[in-house]
Amino acid sequence: MPTRDLAVVDEDEDFHGTFNEMFPRLRSYFRASGFQKADAEDLSQTALWIVYKSRGKYRGEGSFDAWVYTIARNVARDELRRRGRRTEGEPVDETTPDESPSAAEQAADRQGLARAAAALAKLPTRMRACLLLHVQQGLSYREIAHRLSLATPTVKVQIWNARRRLKSLLSE
Amino acid sequence: MTENVPASRPPGPHPTPEQLYRARRGPRTSEAERWLAHAAACALCTEEMLRQEAFDAPEPVAEDRLAAAWKRFSKTPAPRATPAPLAPVIPINRPINRLAVVAQPPSRPPASRPGRAGLSAIGWAAALVTATVGLGLWNHTRTAQAPPAQAPKAPSLRGAAEPSETWQPSGLLKTAPTELLFPASPEGEPQRVTVYDSSMKYSWTSPPTAGGRVAFPEAERKKLRPGVDYFWTVIDEENAAAPKFRLR
């Protein structure tokens with residue numbers, strides 16, 4: 001549990017504004033990362049405490065949002081590790097080496113893949129995430145629902161709609 | 001339609017979340033275009049994008065909920081060298097709900113014969129009883145004639161305002177507690193409890209639980225040390241008390 005100096009936090013009106021802006025964003029981020037509502041709020045508090053504690057380290061280089069986002073990602077990763085959940089769904093930490101089967105197969109697929117990717121890019125992100133997690137990662141509807149904090153029927157509908165729209169886009 | 005979806009992720013390395021974030025929000029450079037093209041056909045990167053979009057366009061939070069979150073943020077206990085006493089340490093063999101009885105004077109008078117001062121006190125007590133009974137009778141007659149007034153509703157009290165016996169354990173304990181009792185949420189919402197020491201070296205947070213009762217796991221019980229004050233409270237509950245207990 002984070003520790004904090006009550007008096008300083010109370011008097012810091014500037015940080016109150018930051019809190020009000022960032023709390024909904026962080027909560028939404030943790031919900032989208034598969035955490036339950038109560039956990040998402042706890043983790044938002046933790047992330048905001050880290051932001052508060054280390055706000056002197058933010059040197060104004062790059063976006064403040066991106067800096068907070070990085071903190072949130074680290075908090076999510078630590079929590080997932082603490083819970084011992086599989087790391088497959090964790091945010092990607094660093095550039096991962098290419099694991100594709102072979103250059104020849106890639107070349108053969110490249111054209112179709114580029115076409116499919118262009119069509120996929122036109123799908124809403126959530127719809128695309130549901131479809132790709134199902135097809136590429138082999139996750140069940142229930143697993144996707146758990147991972148994206150969605151209801152299982154919602155995942156089914158998203159995938160069904162994604163396929164329908166993809167078919168339409170590719171036939172154009 | 002699955003055949004139209006690339007079954008494996010697109011070739012090339014994944015962007016880092018920072019690269020993806022910049023690609024989404026920053027200028028459309030060739031690098032940004034490359035990352036976005038990759039992400040469009042990659043399950044993991046799309047998932048990361050989904051999280052980033054959730055961060056950028058959050059669902060609104062109600063004002064009162066936000067205020068409660070800020071209150072909680074600013075009231076989480078800070079470490080103190082010597083924490084202020086929250087409540088007197090009460091031996092566990094004397095339940096809190098019986099303290100009032102114990103604290104009251106004995107109902108029977110002392111066996112010894114009262115002296116002059118005692119007689120005077122008895123006289124005053126008799127006069128007081130007579131006056132009280134008379135006043136009561138007068139009031140009863142008066143209210144019987146008056147139209148029935150609606151009894152004022154007792155305010156619903158939660159958290160710290162609850163009687164102290166709803167917050168258990170508290171005080172000096174012989175053994176580590178096996179469960180923590182607190183006022184249940186009237187809405188039946190799951191609540192979480194946190195237990196911590198003054199230095200915050202020890203802390204434990206329960207899973208969400210309903211019914212105003214949470215089991216304290218055996219593994220955590222073993223971590224508690226005698227002579228150390230442990231505080232506990234219900235997370236995210238306004239007016240929550242913060243009782244403390246100590247092992248002998």
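This is a predicted model: local features need pLDDT of at least 70, side-chain atom pairs count only at pLDDT 80 or more; totals for chains, interfaces and linings use all residues.
At what angle do α1(B) and helix α3 (residues 43-56) of chain B pack, and how far apart are their axes? Residues are numbered from 1 along each chain as its sequence is written, while chains are lettered from A and ligands numbered from 1 in the order in which they are written.

**View 1. Packing of α1(B) with α3(B) in chain B.** The two helices pack at an angle of about 65 degrees, and their axes are 10 Å apart. Axes are lines fitted to C-alpha atoms, for helices over the stretch in contact, and angles run from 0 to 180 degrees between N-to-C directions. The crossing of α1(B) and α3(B) is right-handed; a crossing is so called if the near helix is turned clockwise from the far one by less than a right angle, and left-handed if anticlockwise. B:P17, B:L20, B:Y21 and B:R24 of α1(B) make the contact with B:C45, B:E48, B:M49 and B:Q52 of α3(B), contact meaning that C-beta atoms, placed from the backbone, lie within 7 Å. By class, five of these residues are nonpolar, one is polar and two are charged. Ala, Val, Leu, Ile, Met, Phe, Trp, Tyr, Cys and Pro count as nonpolar, Asp, Glu, Lys and Arg as charged, and the others, Gly among them, as polar.

**View 2. Packing of α4(A) with α1(B).** Helix α4 (residues 64-83) of chain A and helix α1 (residues 17-25) of chain B pack at about 145 degrees with axes 11 Å apart. Their crossing is right-handed. A:A66, A:Y69, A:T70 and A:R73 of α4(A) meet B:P17, B:E18 and B:Y21 of α1(B). The residues of this contact divide into four nonpolar, one polar and two charged.

**View 3. Helix α7(A) and the residue that follows.** In α7 (residues 141-148) of chain A, the residues A:I144, A:A145, A:R147 and A:L148 are buried. They lie on the same side of α7(A) because they cover an arc of only 170 degrees around the axis, the arc being that of the directions from the helix axis to the C-beta atoms. A residue is buried if 20 or more other C-beta atoms lie within 10 Å of its own, exposed if 12 or fewer, and partly exposed in between, with C-beta atoms placed from the backbone. Just after α7(A), A:S149 takes a positive phi of about 55 degrees, although A:S149 is not a glycine. A:S149 lies in the loop between α7 and α8 (152-171) of chain A and is partly exposed, with 17 other C-beta atoms within 10 Å.

**View 4. Strand β3(B) and its partners.** Strand β3 (residues 193-197) of chain B pairs with β6 (residues 229-234) of chain B in the antiparallel sense over five bridges; pairing requires that DSSP finds at least two bridges between the strands. B:D197 stands opposite B:Y230 in β6(B). β3(B) also pairs with β4 (residues 203-205) of chain B, antiparallel and over three bridges, and B:V195 has B:W204 of β4(B) as its bridge partner. Strands (E, at least two residues) and helices (H or I, at least four) are DSSP runs, numbered from the N terminus.

**View 5. A cis peptide bond in chain B.** The bond joins B:Q168 and B:P169, with omega about 5 degrees. B:P169 lies in the loop between α6 (116-145) and β1 (171-173) of chain B.

Note on methods
Two residues are in contact if their C-beta atoms, placed from the backbone, lie within 7 Å.
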